[in-house]
Amino acid sequence: MTITLNGKETSFGEEITIQELLEQGYVEMQEYVTVQINENIIPRADYGTYVIKDKDVVECLYYMGGGK
Amino acid sequence: MNFTNAQLERYSRHIILEDIGVKGQEKLLNGKVLIIGTGGLGAPAALYLGAAGIGTIGLVDGDTVDLSNLQRQVIHSSQDVGKAKVISGKESINAINEDVNVITYQERATADNIKDIIRDQDYDFILDGTDNFPVKFLINDACVMLKKPFSHAGIIRFQGQTMTYVPGKGPCYRCIFKNPPPPDVVPTCQQAGVLGVMGGVIGTIQATEAIKYITDVGNLLTGYLLTYDAKKLEFRKVKLAGDKNCAVCGENPTIKKLIDYEIAACSIADSKKIG
(Lines give C-alpha, C1' and ligand atoms only; values in the text may rest on other atoms or scores of the structure.)
Protein backbone atom coordinates (compact mmCIF):
# COMPACT_ATOMS: atom_id res chain seq x y z
CA MET A 1 0.00 0.00 0.00
CA THR A 2 1.07 3.59 -0.54
CA ILE A 3 0.24 6.36 1.89
CA THR A 4 1.10 10.04 2.05
CA LEU A 5 3.23 10.44 5.17
CA ASN A 6 3.96 14.05 6.13
CA GLY A 7 3.51 15.10 2.53
CA LYS A 8 5.61 12.34 0.94
CA GLU A 9 4.38 9.15 -0.77
CA THR A 10 5.60 6.17 1.22
CA SER A 11 5.00 2.49 0.37
CA PHE A 12 4.60 -0.50 2.68
CA GLY A 13 4.39 -4.21 1.91
CA GLU A 14 1.25 -4.61 3.97
CA GLU A 15 -1.17 -2.60 6.09
CA ILE A 16 0.27 -1.54 9.42
CA THR A 17 -0.98 0.05 12.62
CA ILE A 18 -0.01 3.53 13.75
CA GLN A 19 2.09 1.96 16.50
CA GLU A 20 4.01 -0.11 13.94
CA LEU A 21 4.53 2.96 11.75
CA LEU A 22 5.99 4.88 14.69
CA GLU A 23 8.20 1.95 15.68
CA GLN A 24 9.56 1.44 12.15
CA GLY A 25 11.43 4.70 12.33
CA TYR A 26 9.53 6.55 9.60
CA VAL A 27 8.82 9.23 12.14
CA GLU A 28 11.51 11.23 13.86
CA MET A 29 10.94 11.59 17.58
CA GLN A 30 8.26 8.91 17.69
CA GLU A 31 7.92 9.33 21.46
CA TYR A 32 5.62 12.27 21.17
CA VAL A 33 3.69 13.04 18.08
CA THR A 34 0.00 13.50 17.58
CA VAL A 35 -1.22 11.54 14.56
CA GLN A 36 -3.81 12.85 12.13
CA ILE A 37 -5.18 10.54 9.41
CA ASN A 38 -7.33 11.94 6.59
CA GLU A 39 -7.83 15.06 8.71
CA ASN A 40 -8.98 13.20 11.81
CA ILE A 41 -6.94 13.25 15.01
CA ILE A 42 -6.51 9.65 16.20
CA PRO A 43 -6.71 9.09 19.98
CA ARG A 44 -3.37 7.96 21.38
CA ALA A 45 -5.03 4.92 22.98
CA ASP A 46 -5.95 3.62 19.51
CA TYR A 47 -2.42 3.66 18.02
CA GLY A 48 -1.97 -0.10 18.62
CA THR A 49 -5.20 -1.11 16.88
CA TYR A 50 -5.76 1.58 14.23
CA VAL A 51 -4.79 0.08 10.86
CA ILE A 52 -3.50 2.53 8.24
CA LYS A 53 -5.06 1.88 4.81
CA ASP A 54 -3.87 2.36 1.25
CA LYS A 55 -4.04 6.02 0.12
CA ASP A 56 -4.42 7.34 3.68
CA VAL A 57 -3.01 10.80 4.29
CA VAL A 58 -1.02 10.57 7.52
CA GLU A 59 0.37 13.59 9.34
CA CYS A 60 2.61 13.15 12.37
CA LEU A 61 2.46 16.48 14.19
CA TYR A 62 5.27 17.16 16.60
CA TYR A 63 5.10 18.64 20.03
CA MET A 64 7.43 21.60 19.82
CA GLY A 65 7.98 23.34 23.11
CA GLY A 66 10.87 25.72 22.59
CA GLY A 67 10.56 29.42 22.08
CA LYS A 68 12.78 31.36 24.41
CA MET B 1 -7.13 60.26 14.35
CA ASN B 2 -4.76 62.91 13.08
CA PHE B 3 -1.34 61.72 12.05
CA THR B 4 1.61 63.99 12.71
CA ASN B 5 3.95 64.67 9.81
CA ALA B 6 6.54 62.47 11.47
CA GLN B 7 4.02 59.61 11.73
CA LEU B 8 3.02 60.01 8.07
CA GLU B 9 6.69 59.68 7.15
CA ARG B 10 7.45 56.89 9.63
CA TYR B 11 4.57 54.73 8.43
CA SER B 12 4.66 55.81 4.77
CA ARG B 13 5.57 52.31 3.49
CA HIS B 14 2.51 50.93 5.27
CA ILE B 15 0.23 53.77 4.25
CA ILE B 16 1.15 53.34 0.59
CA LEU B 17 0.03 49.71 0.73
CA GLU B 18 -3.45 49.39 -0.74
CA ASP B 19 -4.48 46.85 1.92
CA ILE B 20 -3.23 48.96 4.84
CA GLY B 21 -3.47 52.66 4.02
CA VAL B 22 -4.21 55.37 6.57
CA LYS B 23 -7.12 53.35 7.98
CA GLY B 24 -5.00 50.25 8.48
CA GLN B 25 -2.21 52.21 10.14
CA GLU B 26 -4.80 53.80 12.41
CA LYS B 27 -5.96 50.29 13.38
CA LEU B 28 -2.37 49.32 14.15
CA LEU B 29 -1.86 52.43 16.29
CA ASN B 30 -5.04 51.59 18.17
CA GLY B 31 -4.09 47.89 18.33
CA LYS B 32 -3.08 46.04 21.49
CA VAL B 33 -0.89 42.93 21.35
CA LEU B 34 0.25 40.89 24.33
CA ILE B 35 3.53 39.02 23.91
CA ILE B 36 4.08 36.26 26.47
CA GLY B 37 7.79 35.46 26.62
CA THR B 38 10.36 37.94 25.30
CA GLY B 39 12.81 35.33 24.09
CA GLY B 40 13.63 33.71 20.76
CA LEU B 41 10.11 34.13 19.36
CA GLY B 42 8.90 37.13 21.35
CA ALA B 43 12.00 39.27 20.71
CA PRO B 44 11.74 39.59 16.91
CA ALA B 45 7.94 39.73 17.12
CA ALA B 46 8.08 42.62 19.61
CA LEU B 47 10.64 44.57 17.56
CA TYR B 48 8.62 44.29 14.34
CA LEU B 49 5.29 45.00 16.03
CA GLY B 50 6.84 48.03 17.73
CA ALA B 51 8.30 49.26 14.45
CA ALA B 52 4.91 48.70 12.78
CA GLY B 53 3.33 51.09 15.25
CA ILE B 54 1.19 48.74 17.33
CA GLY B 55 -0.09 51.26 19.86
CA THR B 56 0.03 49.06 22.94
CA ILE B 57 2.39 46.13 23.40
CA GLY B 58 2.30 44.08 26.61
CA LEU B 59 5.40 42.08 27.52
CA VAL B 60 5.16 39.20 30.01
CA ASP B 61 8.36 37.64 31.32
CA GLY B 62 9.73 36.97 34.79
CA ASP B 63 13.31 36.32 33.67
CA THR B 64 16.39 38.50 33.48
CA VAL B 65 18.66 38.67 30.44
CA ASP B 66 21.32 35.97 30.40
CA LEU B 67 24.42 35.92 28.21
CA SER B 68 23.20 32.67 26.61
CA ASN B 69 20.04 34.50 25.43
CA LEU B 70 21.89 36.88 23.13
CA GLN B 71 22.52 34.30 20.38
CA ARG B 72 18.86 34.69 19.34
CA GLN B 73 16.91 37.12 21.54
CA VAL B 74 17.67 40.15 19.42
CA ILE B 75 15.65 42.59 21.52
CA HIS B 76 18.32 42.38 24.26
CA SER B 77 21.91 43.62 24.07
CA SER B 78 25.16 42.74 25.84
CA GLN B 79 24.69 45.70 28.17
CA ASP B 80 21.30 44.30 29.24
CA VAL B 81 22.67 41.12 30.84
CA GLY B 82 21.16 40.91 34.32
CA LYS B 83 18.34 43.33 33.51
CA ALA B 84 14.67 42.27 33.62
CA LYS B 85 13.77 41.11 30.11
CA VAL B 86 10.55 43.13 30.04
CA ILE B 87 12.47 46.33 30.85
CA SER B 88 15.16 45.60 28.29
CA GLY B 89 12.40 44.81 25.77
CA LYS B 90 10.51 48.02 26.52
CA GLU B 91 13.67 50.11 26.09
CA SER B 92 14.49 48.46 22.75
CA ILE B 93 10.95 48.94 21.39
CA ASN B 94 10.81 52.58 22.44
CA ALA B 95 14.29 53.24 21.02
CA ILE B 96 12.79 52.28 17.64
CA ASN B 97 9.37 53.86 18.12
CA GLU B 98 8.20 56.18 20.88
CA ASP B 99 4.60 55.86 19.68
CA VAL B 100 4.34 52.48 21.38
CA ASN B 101 2.95 52.26 24.89
CA VAL B 102 4.82 49.25 26.29
CA ILE B 103 3.19 47.66 29.35
CA THR B 104 5.49 45.37 31.33
CA TYR B 105 4.45 42.38 33.42
CA GLN B 106 7.58 41.17 35.18
CA GLU B 107 6.20 37.79 36.14
CA ARG B 108 5.72 34.31 34.76
CA ALA B 109 2.25 33.67 33.31
CA THR B 110 0.30 31.34 35.61
CA ALA B 111 -3.26 30.12 36.06
CA ASP B 112 -3.67 32.81 38.72
CA ASN B 113 -2.56 35.84 36.74
CA ILE B 114 -2.95 35.18 33.00
CA LYS B 115 -6.61 36.18 32.67
CA ASP B 116 -6.00 39.41 34.58
CA ILE B 117 -3.01 40.21 32.37
CA ILE B 118 -5.04 39.64 29.18
CA ARG B 119 -7.93 41.71 30.57
CA ASP B 120 -5.60 44.46 31.86
CA GLN B 121 -5.58 46.24 28.49
CA ASP B 122 -8.24 44.09 26.83
CA TYR B 123 -5.59 42.92 24.35
CA ASP B 124 -6.74 42.25 20.77
CA PHE B 125 -4.26 39.47 20.01
CA ILE B 126 -1.96 37.31 22.10
CA LEU B 127 1.35 35.90 20.96
CA ASP B 128 2.81 32.78 22.57
CA GLY B 129 6.58 33.13 22.73
CA THR B 130 7.09 30.79 25.68
CA ASP B 131 9.46 27.87 25.97
CA ASN B 132 7.47 25.19 27.76
CA PHE B 133 4.31 23.14 27.33
CA PRO B 134 2.55 24.00 30.61
CA VAL B 135 2.43 27.69 29.66
CA LYS B 136 1.60 26.93 26.01
CA PHE B 137 -1.49 25.01 27.16
CA LEU B 138 -2.26 27.72 29.73
CA ILE B 139 -2.21 30.43 27.03
CA ASN B 140 -4.43 28.30 24.79
CA ASP B 141 -6.98 27.62 27.50
CA ALA B 142 -7.05 31.22 28.74
CA CYS B 143 -7.53 32.54 25.18
CA VAL B 144 -10.32 30.02 24.49
CA MET B 145 -12.07 30.96 27.75
CA LEU B 146 -11.70 34.72 27.16
CA LYS B 147 -12.51 34.34 23.42
CA LYS B 148 -9.22 35.92 22.37
CA PRO B 149 -7.26 35.08 19.21
CA PHE B 150 -3.66 33.98 19.64
CA SER B 151 -0.65 32.69 17.76
CA HIS B 152 1.01 29.50 18.97
CA ALA B 153 4.58 28.70 18.02
CA GLY B 154 7.41 26.38 18.94
CA ILE B 155 11.01 26.10 17.79
CA ILE B 156 13.73 23.56 18.42
CA ARG B 157 17.04 22.73 16.74
CA PHE B 158 16.43 23.47 13.02
CA GLN B 159 12.64 23.18 13.19
CA GLY B 160 9.73 25.43 13.95
CA GLN B 161 5.96 25.50 13.75
CA THR B 162 3.11 27.94 14.24
CA MET B 163 -0.69 28.08 14.12
CA THR B 164 -3.26 30.79 14.75
CA TYR B 165 -6.36 30.34 16.86
CA VAL B 166 -9.38 32.57 16.31
CA PRO B 167 -12.47 31.82 18.43
CA GLY B 168 -15.07 29.97 16.39
CA LYS B 169 -12.88 29.93 13.27
CA GLY B 170 -10.85 26.76 13.74
CA PRO B 171 -9.19 24.30 16.08
CA CYS B 172 -7.33 25.35 19.21
CA TYR B 173 -3.93 24.03 20.27
CA ARG B 174 -5.56 21.52 22.62
CA CYS B 175 -7.74 20.11 19.79
CA ILE B 176 -4.51 18.88 18.22
CA PHE B 177 -2.14 18.20 21.10
CA LYS B 178 -4.64 17.28 23.89
CA ASN B 179 -2.30 17.48 26.90
CA PRO B 180 1.26 18.50 27.70
CA PRO B 181 3.67 15.62 27.14
CA PRO B 182 5.12 14.02 30.26
CA PRO B 183 8.13 15.96 31.56
CA ASP B 184 11.37 14.97 29.82
CA VAL B 185 9.76 13.21 26.85
CA VAL B 186 10.06 16.19 24.53
CA PRO B 187 13.25 18.23 24.71
CA THR B 188 13.35 21.97 25.32
CA CYS B 189 15.71 24.37 23.56
CA GLN B 190 17.83 24.47 26.69
CA GLN B 191 18.30 20.72 26.45
CA ALA B 192 18.39 20.30 22.69
CA GLY B 193 19.65 23.60 21.34
CA VAL B 194 18.11 25.84 18.72
CA LEU B 195 19.51 27.68 15.74
CA GLY B 196 19.17 31.34 16.68
CA VAL B 197 17.47 32.40 13.46
CA MET B 198 14.56 29.96 13.98
CA GLY B 199 12.93 32.45 16.35
CA GLY B 200 13.41 35.19 13.77
CA VAL B 201 11.57 33.24 11.06
CA ILE B 202 8.74 31.90 13.19
CA GLY B 203 8.39 34.91 15.54
CA THR B 204 8.14 37.22 12.55
CA ILE B 205 5.37 35.04 11.09
CA GLN B 206 3.56 35.38 14.43
CA ALA B 207 3.93 39.17 14.22
CA THR B 208 2.58 39.03 10.66
CA GLU B 209 -0.50 37.17 11.90
CA ALA B 210 -1.07 39.81 14.62
CA ILE B 211 -0.86 42.62 12.03
CA LYS B 212 -3.16 40.76 9.62
CA TYR B 213 -5.69 40.14 12.38
CA ILE B 214 -5.72 43.77 13.52
CA THR B 215 -5.95 45.19 10.00
CA ASP B 216 -8.26 42.41 8.76
CA VAL B 217 -6.05 41.69 5.75
CA GLY B 218 -5.64 38.32 4.01
CA ASN B 219 -6.11 34.84 5.44
CA LEU B 220 -4.87 33.83 8.86
CA LEU B 221 -3.17 30.56 9.73
CA THR B 222 -6.37 29.27 11.36
CA GLY B 223 -7.05 25.59 10.80
CA TYR B 224 -3.48 25.00 9.67
CA LEU B 225 -0.16 24.18 11.28
CA LEU B 226 2.74 25.74 9.41
CA THR B 227 5.89 23.68 9.86
CA TYR B 228 9.38 24.81 8.90
CA ASP B 229 12.41 22.59 8.49
CA ALA B 230 15.47 24.82 8.05
CA LYS B 231 17.83 21.99 7.09
CA LYS B 232 15.63 21.01 4.15
CA LEU B 233 14.42 24.61 3.74
CA GLU B 234 10.93 23.18 3.60
CA PHE B 235 7.70 24.84 4.69
CA ARG B 236 4.53 22.76 4.96
CA LYS B 237 1.03 24.01 5.70
CA VAL B 238 -0.83 21.08 7.24
CA LYS B 239 -4.62 21.31 7.32
CA LEU B 240 -5.82 20.53 10.82
CA ALA B 241 -8.91 18.75 12.03
CA GLY B 242 -11.05 20.40 14.66
CA ASP B 243 -12.24 18.33 17.61
CA LYS B 244 -15.83 18.84 18.67
CA ASN B 245 -14.96 16.85 21.79
CA CYS B 246 -12.00 19.12 22.65
CA ALA B 247 -11.66 19.42 26.43
CA VAL B 248 -11.56 23.21 26.32
CA CYS B 249 -13.13 24.49 23.05
CA GLY B 250 -15.43 21.53 22.27
CA GLU B 251 -19.20 21.30 22.57
CA ASN B 252 -19.06 20.05 26.16
CA PRO B 253 -15.81 21.35 27.64
CA THR B 254 -14.51 19.54 30.70
CA ILE B 255 -11.79 22.10 31.44
CA LYS B 256 -13.48 25.08 33.04
CA LYS B 257 -10.64 26.27 35.24
CA LEU B 258 -7.09 27.04 34.18
CA ILE B 259 -4.46 24.44 35.02
CA ASP B 260 -0.87 25.01 36.17
CA TYR B 261 0.83 21.89 34.83
CA GLU B 262 4.15 20.99 36.36
CA ILE B 263 7.04 22.61 34.49
CA ALA B 264 9.32 19.88 33.18
CA ALA B 265 12.50 19.59 35.14
CA CYS B 266 15.47 20.02 32.82
CA SER B 267 17.00 16.75 33.90
CA ILE B 268 17.80 15.01 30.67
CA ALA B 269 21.01 16.35 29.27
CA ASP B 270 20.90 14.13 26.24
CA SER B 271 17.44 14.54 24.81
CA LYS B 272 15.58 12.53 22.22
CA LYS B 273 16.32 12.97 18.56
CA ILE B 274 13.90 15.13 16.64
CA GLY B 275 15.68 15.64 13.35
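Two residues are in contact if their C-beta atoms, placed from the backbone, lie within 7 Å. This is a predicted model, in which local features need pLDDT of at least 70 and side-chain atom pairs count only at pLDDT 80 or more, while totals for chains, interfaces and linings use all residues. Residues are numbered from 1 along each chain as its sequence is written, and chains are lettered from A and ligands numbered from 1 in the order in which they are written.

**View 1. Here chain A meets chain B.**
The contact draws on 19 residues of chain A and 35 residues of chain B. On the chain A side, strand 4 (33–37), strand 5 (40–41) and strand 7 (57–62) each supply at least two residues. Strand 7 of chain A gives the most, with three residues. Helices (H or I, at least four residues) and strands (E, at least two) are DSSP runs, numbered from the N terminus. By class, the chain A side holds seven nonpolar, seven polar and five charged residues. Ala, Val, Leu, Ile, Met, Phe, Trp, Tyr, Cys and Pro count as nonpolar, Asp, Glu, Lys and Arg as charged, and the others, Gly among them, as polar.

**View 2. Look next at the open sheet of chain A.**
Its five strands run in the order 2-1-7-4-5, with mixed pairing. Strand 2 and strand 5 of chain A are at the edges with a single partner strand each, so one side of each has no neighbour in the sheet. Strands pair if DSSP finds at least two bridges between them. Strand 1 (residues 2–5) and strand 2 (residues 8–11) of chain A pair in the antiparallel sense over four bridges. Leu5(A) stands opposite Lys8(A) of strand 2. The hairpin of these strands has two residues between them, and Asn6(A) there takes a positive phi near 45°.

**View 3. Helix 4 of chain B is mostly covered.**
Among the buried residues are Ala46(B), Leu47(B) and Gly50(B). Their cover includes helix 3, strand 1 (32–36), strand 2 (56–60), helix 5 (85–96), strand 4 (125–128) and helix 10 of chain B. After helix 4 of chain B comes Gly53(B), with a positive phi near 90°.

**View 4. Helix 4 of chain B packs on helix 10 of chain B.**
The axes of helix 4 (residues 42–52) and helix 10 (residues 197–215) of chain B are 7 Å apart, at an angle of about 40°. Axes are lines fitted to C-alpha atoms, for helices over the stretch in contact, and angles run from 0 to 180 degrees between N-to-C directions. That makes helix 4 of chain B oblique to helix 10 of chain B. Angles under 35 degrees count as roughly parallel, over 145 as roughly antiparallel, 65 to 115 as roughly perpendicular and the rest as oblique. The contact's residues are nine nonpolar, six polar and no charged.

Technical notes: A residue is buried if 20 or more other C-beta atoms lie within 10 Å of its own, exposed if 12 or fewer, and partly exposed in between; C-beta atoms are placed from the backbone.
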